[in-house]
Amino acid sequence: METALEHRAFDVGFVTRDAEPMQRFYQDVLGLQHIATIPLGPDTLIKLAYGRSILKLYVPGTPPEPCADPKQWAAHAGIRYITVPVDDARATLERCRNAGAPIYSEIVELPADRRAAIVGDPDGNAIELFEDPTTMARKTGETA
């Protein structure tokens, strides 16, 4: 039986007004897999998997208020973005752009051939796309 430490992933939950565009973005653009839709009385919980991580889309029966200005994602303390590891940050950024996602930060070149960009999902949540060749090499058994 797997223990909490062996799981080694965080599950993240987003409260959303409209599940359909959020689910389409995370599944079709970022490649998450639908694992469950759970009715919770008037509310709904949609679970999407990305490796060992789970993204939960919580849809209250009474729609919540939208964020005042999602482009100001770094203006307030607290959880303001999540990081999604990707094989190719440039290609993923272009898929996001083609899907109409707002681009908060274009590709930033980082040391050791790492790259990052920040996009917004349909609700404006900031999503960092992070490419790290050393992590990818460990996954595939190659040397970086």
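## Terms and basis

Contact means heavy atoms within 4.5 Å. Axes are lines fitted to C-alpha atoms, for helices over the stretch in contact, with angles from 0 to 180 degrees between N-to-C directions. Helices (H or I, at least four residues) and strands (E, at least two) are DSSP runs numbered from the N terminus.

This is a predicted model, in which local features need pLDDT of at least 70 and side-chain atom pairs count only at pLDDT 80 or more, while totals for chains, interfaces and linings use all residues. Residues are numbered from 1 along each chain as its sequence is written, and side-chain values use heavy atoms, leaving out hydrogens and water.

Four strands form an open sheet in the order 1-4-3-2, with mixed pairing (two strands pair if DSSP finds at least two bridges between them). Strand 1 (12-15) and strand 2 (33-40) are the edge strands, each pairing on one side only. From one strand to the next, the twist averages 20°.

Strands 2 and 3 run antiparallel and are joined by seven bridges. Histidine 34 stands opposite leucine 48 in strand 3. Helix 2 lies across strands 1, 2, 3 and 4, running at about 5° to strand 3.

## The largest nonpolar core

A nonpolar core is a set of buried Ala, Val, Leu, Ile, Met, Phe, Trp, Tyr and Cys residues joined through side-chain atoms within 4.5 Å; buried means under 20% relative accessible area (1.4 Å probe, protein chains only). The largest has 24 residues, of which Phe14, Phe25, Tyr26, Leu30, Cys96, Ile127 and Leu129 touch the most other members. Helix 2 gives the most to this core, with five residues.

Leaving aside neighbours within four places in sequence, leucine 30 is in contact with Phe25, Tyr50, Thr92, Cys96, Ile127 and Leu129.

Key. Buried means under 20% relative accessible area, exposed over 50%, partly exposed in between (1.4 Å probe, protein chains only).
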